[in-house]
Amino acid sequence: QENLPLSSNTPGITKECARLCKDQGADCPAFSIDYNGQRCFTLDRNTQGRGDDLVERDGSNYFEKICLRGKIENCRDKVWAFERVPGRKLEGFDDKIIDQVPNRRDCEEFCLSESSFPCLSADYNLVTLACSLSRETRRTQPDSFQPSRDTEYLENSCIATEQLSCPYKRTDNAYPRYLDTIVSRVTDDIACEKQCTFYEDFLCRSFAFYASASQCFISGDDTASAQDGALQSRPGTDYFERSCENIFSSVEETENII
């Protein structure tokens, strides 16, 4: 791995890291971000045929280039198109199952092109090659997000941020550890919330307002993706994240086998 040359090491480097990797073309098939050290690294290989090489590392995110086809208009200007979680699946909320899907990219494209319901996530089984599409996510149904050795969970990040109508919940004296960008000259937490709600470069999952510096910290992560590591203590900063959990007394499941 090699360091990507950042213009500065101040927090909020995700977009610059993605641009630098994109500019390198085939020489940068993937990159990783160390949020603790505010560094990013270009990698000379991706996980194609090497899925077992991915290891969890606290304080880091891994990004891999994908070449999507078809209905990708909403993905073009996003820093990332899908969140991928190996070894997990959303249990019991399959709205459509497509059999014999050759690879993960095809499954993601099926999700993007689905027209009978808003596809917000997909599960891709690496053994059976089944692609299960869902209008729910690990954030709307957290109790159903379960370990599954041969499955990869894929969450659609190409939807418009304002489509997430979830209310925000507040934590005092904290800020997002996985800080992706900083917006300056923000007057108050209401203005910061608007920055998050209508942020276009990626789905803003959480934000924090730092009043003394008039800064709005924007993150694509939350406690659903980073668990307890999503927050760091910081006096004078208030952390907000979307609370998207759906509560159902009964679940009516529909399945379409193609």
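**View 1. Helix α2 and its buried residues.** The buried residues of α2 are R104, D106, C107, E108, E109, C111 and L112. Buried means under 20% relative accessible area, exposed over 50%, and partly exposed in between (1.4 Å probe, protein chains only). That makes seven of the 10 residues of α2, so the helix is mostly covered. The cover includes β4 (60–64), β5, β7, β8 and β9. Helices (H or I, at least four residues) and strands (E, at least two) are DSSP runs, numbered from the N terminus. At the start of α2, a side-chain oxygen of N103 comes to within 3.2 Å of the backbone nitrogen of R105. A polar contact is a pair of N or O atoms within 3.5 Å; within protein, one must be able to donate a hydrogen and the other to accept it, and residues adjacent in sequence count only if both atoms are side-chain atoms. This is a predicted model: local features need pLDDT of at least 70, side-chain atom pairs count only at pLDDT 80 or more, and totals for chains, interfaces and linings use all residues. Residues are numbered from 1 along each chain as its sequence is written, and side-chain values use heavy atoms, with hydrogens and water left out.

View 2. Five strands form an open sheet in the order β5-β9-β7-β8-β6, with antiparallel pairing. Two strands pair if DSSP finds at least two bridges between them. β5 (82–90) and β6 (96–98) stand at the edges with a single partner strand each, so one side of each has no neighbour in the sheet. Neighbouring strands are turned by 25 degrees against each other on average, direction ignored. Axes are lines fitted to C-alpha atoms, for helices over the stretch in contact, and angles run from 0 to 180 degrees between N-to-C directions. Strands β7 (residues 121–125) and β9 (residues 145–156) pair in the antiparallel sense over five bridges. S121 has E155 in β9 as its bridge partner. Helix α2 (residues 104–113) lies across β5, β6, β7, β8 (131–134) and β9, and runs at about 50 degrees to β9.

**View 3. Two loop residues with positive phi.** Q100 is found in the loop between β6 and α2. Its phi is near 55 degrees, a positive value in a residue other than glycine. Q100 is exposed, with a relative accessible area of 60%. L129 is found in the loop between β7 and β8. The phi of L129 is also positive, about 65 degrees, although L129 is not a glycine. L129 counts as partly exposed, at 23% relative accessibility.

View 4. β13 (residues 206–210) and β14 (residues 215–219) pair in the antiparallel sense over five bridges. A208 stands opposite F217 in β14.

**View 5. S206 in strand β13.** S206 has its place in β13. The residue is buried, with a relative accessible area of 1%. Its side chain reaches the backbone oxygen of D221 at 2.7 Å. Leaving aside neighbours within four places in sequence, S206 is in contact (heavy atoms within 4.5 Å) with P176, C196, F217, I218, S219, D221, Y239, F240 and E241.

**View 6. The nonpolar cores.** A nonpolar core is a set of buried Ala, Val, Leu, Ile, Met, Phe, Trp, Tyr and Cys residues joined through side-chain atoms within 4.5 Å. The largest has 31 residues, and those with the most contacts inside it are F31, I33, F207 and I218. The elements giving two or more residues to this core are α1 (14–23), β2 (30–34), α3, β13, β14 and β16. α1 gives the most, with four residues. I33 touches I13, T14, C17, R39, C40, G59, S60, N61 and F63, not counting residues up to four places away in sequence. Apart from this core lies another, of 18 residues, among them F82, I98, F117 and C119.

**View 7. Confidence along the chain.** The mean pLDDT (the predictor's confidence in each residue, from 0 to 100) of the protein chain is 90. Of its residues, 94% reach 70 or more. Over residues 248–258 the pLDDT is below 50. Beyond near neighbours in sequence, this stretch has 22 contacts in the model.
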